[in-house]
Amino acid sequence: GFIGLNKDYIEGIFVEKNMRSKGIGKQLLNFVLNGEESINEQNPRAVGFYEYMGVETYKRTDLDEEGNTYPLLYMNLK
């Protein structure tokens, strides 16, 4: 797996399908989590993972940072 990082937030966590649910995403998230994350609302698996890890939504936008119609959820640790 790998984690895509931007200067200010996590772009995404990617784990090979046959390696999911083995704690890899949790390890990646714990390694870098120190603030706000933006998650594509149209990816319920990712949203559920972040919520499971104790991250909650505090803001929602209709567009991503480039102005595309991908609603984002801004999340941080509870």
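Reader: Is Asp 62 buried, partly exposed or exposed?
Author: This is a predicted model, and every value here is computed from it. The relative accessible area of Asp 62 is 55%. The cut-off for exposed is over 50%. Asp 62 is therefore exposed.

Reader: Which residue forms a salt bridge with Asp 62, and how far apart are the closest N and O atoms?
Author: Side chains of opposite charge can pair when their charged atoms come close. For Asp 62 the partner is Arg 60, and the closest N and O atoms are 2.5 Å apart.

Reader: How many salt bridges does a search of the whole structure find, and which residues do they join into one network?
Author: The search finds two salt bridges. In another, Arg 60 meets Glu 41 at 2.8 Å, N to O. The bridges share partners, and the network consists of Glu 41, Arg 60 and Asp 62.

Reader: How many residues apart in sequence are the parts that Arg 60 and Glu 41 tie together?
Author: Arg 60 belongs to strand β4, residues 55–61. Glu 41 sits in the loop between β3 and α2. The pair therefore ties together parts whose separation in sequence is 19 residues.

Reader: Are Arg 60 and Glu 41 buried, partly exposed or exposed?
Author: Buried needs under 20% and exposed needs over 50%. Arg 60 has 43% relative accessibility. Glu 41 has a relative accessible area of 31%. Arg 60 therefore counts as partly exposed, and Glu 41 is also partly exposed.

Reader: Which backbone nitrogen does the side chain of Asn 40 reach?
Author: Asn 40 is in strand β3, residues 37–40. Its relative accessibility is 26%, so Asn 40 counts as partly exposed. At 2.8 Å, the side chain of Asn 40 reaches the backbone nitrogen of Gln 42.

Reader: How far apart in space are Asn 40 and Tyr 70?
Author: Leave aside neighbours within four places in sequence, and Asn 40 is in contact with Val 47, Tyr 70, Pro 71 and Leu 72. Asn 40 and Tyr 70 are 30 residues apart in sequence. In space, their C-alpha to C-alpha distance is 6.4 Å.

Reader: Is Ser 38 buried or exposed?
Author: Ser 38 also lies in strand β3. Beyond four places in sequence, its contacts are Tyr 9, Ile 10, Glu 65, Leu 72, Leu 73 and Tyr 74. Its relative accessibility is 8%, so Ser 38 counts as buried.

Reader: How many aromatic pairs are there, and is the pair of Phe 2 and Phe 14 stacked or edge-to-face?
Author: The count comes to two aromatic pairs. For Phe 2 and Phe 14, the ring centres are 4.9 Å apart and the planes are at 25°. Planes under 30 degrees apart count as stacked. The pair is therefore stacked.

Reader: Which strands hold Phe 2 and Phe 14?
Author: The pair ties together parts that are 12 residues apart in sequence. Phe 14 is partly exposed, at 42% relative accessible area. Phe 2 lies in strand β1, residues 2–5, and Phe 14 in strand β2, residues 10–14.

Reader: Is the pair of Phe 49 and Tyr 50 stacked or edge-to-face?
Author: The ring centres of Phe 49 and Tyr 50 are 5.7 Å apart. Their planes are at 70°. Planes over 60 degrees apart count as edge-to-face. The pair is therefore edge-to-face.

Reader: Over which ring does the charged end of Lys 59 sit, and how far from its centre?
Author: A charge over a ring must be within 6 Å of the ring centre. The charged end of Lys 59 sits over the ring of Tyr 74, and the distance to the centre is 4.4 Å.

Reader: What is phi of Ser 21?
Author: Ser 21 is in the loop between β2 and α1. At 75% relative accessibility, it counts as exposed. Its phi is positive, in a residue other than glycine, and lies near 65°.

Terms used. Residues are numbered from 1 along each chain as its sequence is written. This is a predicted model: local features need pLDDT of at least 70, side-chain atom pairs count only at pLDDT 80 or more; totals for chains, interfaces and linings use all residues. Side-chain values use heavy atoms; hydrogens and water are left out. Helices (H or I, at least four residues) and strands (E, at least two) are DSSP runs, numbered from the N terminus. Buried means under 20% relative accessible area, exposed over 50%, partly exposed in between (1.4 Å probe, protein chains only). Contact means heavy atoms within 4.5 Å. A polar contact is a pair of N or O atoms within 3.5 Å; within protein, one must be able to donate a hydrogen and the other to accept it, and residues adjacent in sequence count only if both atoms are side-chain atoms. Rings of Phe, Tyr and Trp (its six-membered ring) pair if their centres lie within 6.5 Å; planes under 30 degrees apart count as stacked, over 60 as edge-to-face and the rest as tilted. A charge sits over a ring if NZ of Lys or CZ of Arg is within 6 Å of the ring centre and within 35 degrees of the ring normal. A salt bridge is a side-chain nitrogen of Lys or Arg within 4 Å of a carboxyl oxygen of Asp or Glu.
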